[in-house]
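Here is a short note for a colleague opening this entry. Please keep the 3D view at hand while reading.

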Amino acid sequence: MMIRFAIVPLLLALNFSMCKKQEAVSQNPQPPGASSPAAGTTTAGGSPGAAPVAASPKIKKPVVDQTAQTIIFCYHLLVDKIRYPGTEITPAAFEAQMKQLKDAGITVISMQDLLAWKRGEKSIPPRCAVVTFDDGWKSQYEVAWPIMKKYGYPFTMFIYTEGVRGGALGGGGAITWEQLADMRDNGVDIEAHSATHQDLREGHTIRLVGPGGKKTATKLTGPQYEQWLQNEVVGSKQLLEQRLGIKVNCFAVPFGNYNDHVKELARKSGYEAMFTVYGQPITFTSPMDALGRYAIEANKPKVFEDAVKMIGASTSGGAPVAEVGAKDLSTQPADGETVRNALPLIKANLSGIGQIEPGSVQMRLSGLGVVPATYDPKTGTVSYQVTQKLRDKSCSVFITAKSQGKKVEAHWTFGIEGSATGVTGTSPAATPKK
């Protein structure tokens, strides 16, 4: 009891002493310009120095290999018996191609790794590829996925939402929402491919599906078209995100047909990247709204071979690639132009690029590969008269050359009227999955 009464006065004295010290500090603030004591040090009077406000650490972006290149493959339906060679491939051929990538030392990376590289956040292997599947066929779940698991390859599924089982275009061959959820839970990247897989440009004939599955061919313009386009580009994204609880940041354009209006809507909707089916090597500076993919088809095995050779030739640390816009080359046909002739004369003027090494000029056409183009050093013009009728509704032209030791690339796409190509109807990929 005596000890308790002795401690109380002592505590009161200590409290009074501390109050006096705080009052003294407030009456004698540190003079301007004097440096604050460092954290963990003591002042002359023995009291601990106040910790200074720590400066925010600067977040440094990693230095990525901007000379790397990649290619993107696009697959559709896997079947044992080929009926539509433009969109189908056999399981055996598909597995052989996946093995070929492994044997060639080409690393298969994920789509999100590719985008992170494009953002300057991480490097990718100098020899790599991305694998994608379009539409949403159940064979992609039942056949392709086990093969991808076997090789440990990541991949991306581009889904058009009305083609999922239960949708207006989703028949017996379609993937189900449950299967998509299973793939999602196992790390498969799922992205958007529109709602009904049709040409998104205003004024083009589309098919509207009414009650009972009845289809009506029509051309939409004005507010009606804008409402339809909103559902194709934005509605499909929202539905995938809501049904699967995912973030969709990529959009594969049906048939590769779109324009600046479609691009702008996609950008505003939150898409980070847009993809076509006009194969080309993807460089660090490739535009994010026109990333070309190599569409692999049973009737065009050379497309895969050419793509593998192209990426197999790229090495880290090589000469950087300079991309030149088509508008600077006075191209013929012009970028985005639609021609009536399936045997057009293709030209580009390279004189504005600089001194071109004549033997380095090369032209490639989608679906044909390297063509025997002619280069005139005097005028700087490279040209090629198509001799094999172009069968697709659009054609992409790729030109590469060397200027002062630097590789230069340019590419553009023009359309061919359906009557000129002889192609009628729609792609099997756009029809109901039965």
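Predicted model: local features only at pLDDT ≥ 70, side-chain atom pairs only at ≥ 80, totals over all residues.

1. Three strands form an open sheet in the order E15-E19-E18, and their pairing is antiparallel. Strand E15 (345–349) and strand E18 (374–376) are the edge strands, each pairing on one side only. From one strand to the next, the twist averages 15°.

2. Look at one pairing in detail. E18 runs antiparallel to strand E19 (residues 381–385), with three bridges between them. Thr-374 has Ser-383 in E19 as its bridge partner.

3. Turn to the charges. The whole structure holds 17 salt bridges. One of them joins Lys-150 to Glu-95, with the closest N and O atoms 2.6 Å apart. Lys-150 sits in helix H4 (residues 138–151) and Glu-95 in helix H2 (residues 91–103), so this pair ties together parts 55 residues apart in sequence. Lys-150 is exposed at 58% relative accessible area. Glu-95 is partly exposed at 23%.

4. Is the next pair buried or exposed? Arg-293 and Asp-134 form a salt bridge, the closest N and O atoms being 2.8 Å apart. Arg-293 lies in the loop between strand E11 (273–275) and strand E12 (294–295), while Asp-134 belongs to strand E5 (residues 127–135), 159 residues away. Both Arg-293 and Asp-134 are buried.

5. Finish in helix H7 (residues 260–268). Glu-264 and Arg-267 are three residues apart there, so about one helical turn separates them. Their side chains meet in a salt bridge of 2.8 Å, N to O. Glu-264 is partly exposed at 32% relative accessible area, and Arg-267 is partly exposed at 43%. Shared partners link Lys-263, Glu-264, Arg-267, Lys-268 and Asp-289 into one salt-bridge network.

Terms used: Residues numbered from 1 in each chain as written. Heavy atoms only, no water. Pairing = 2+ DSSP bridges. Helix = DSSP H or I, 4+ residues; strand = E, 2+ residues; numbered from the N terminus. Axes fitted to C-alpha atoms, helices over the stretch in contact; angles between N-to-C directions. Salt bridge = Lys/Arg side-chain N within 4 Å of Asp/Glu carboxyl O. Buried < 20%, exposed > 50% of the residue type's maximum accessible area, 1.4 Å probe, protein only.
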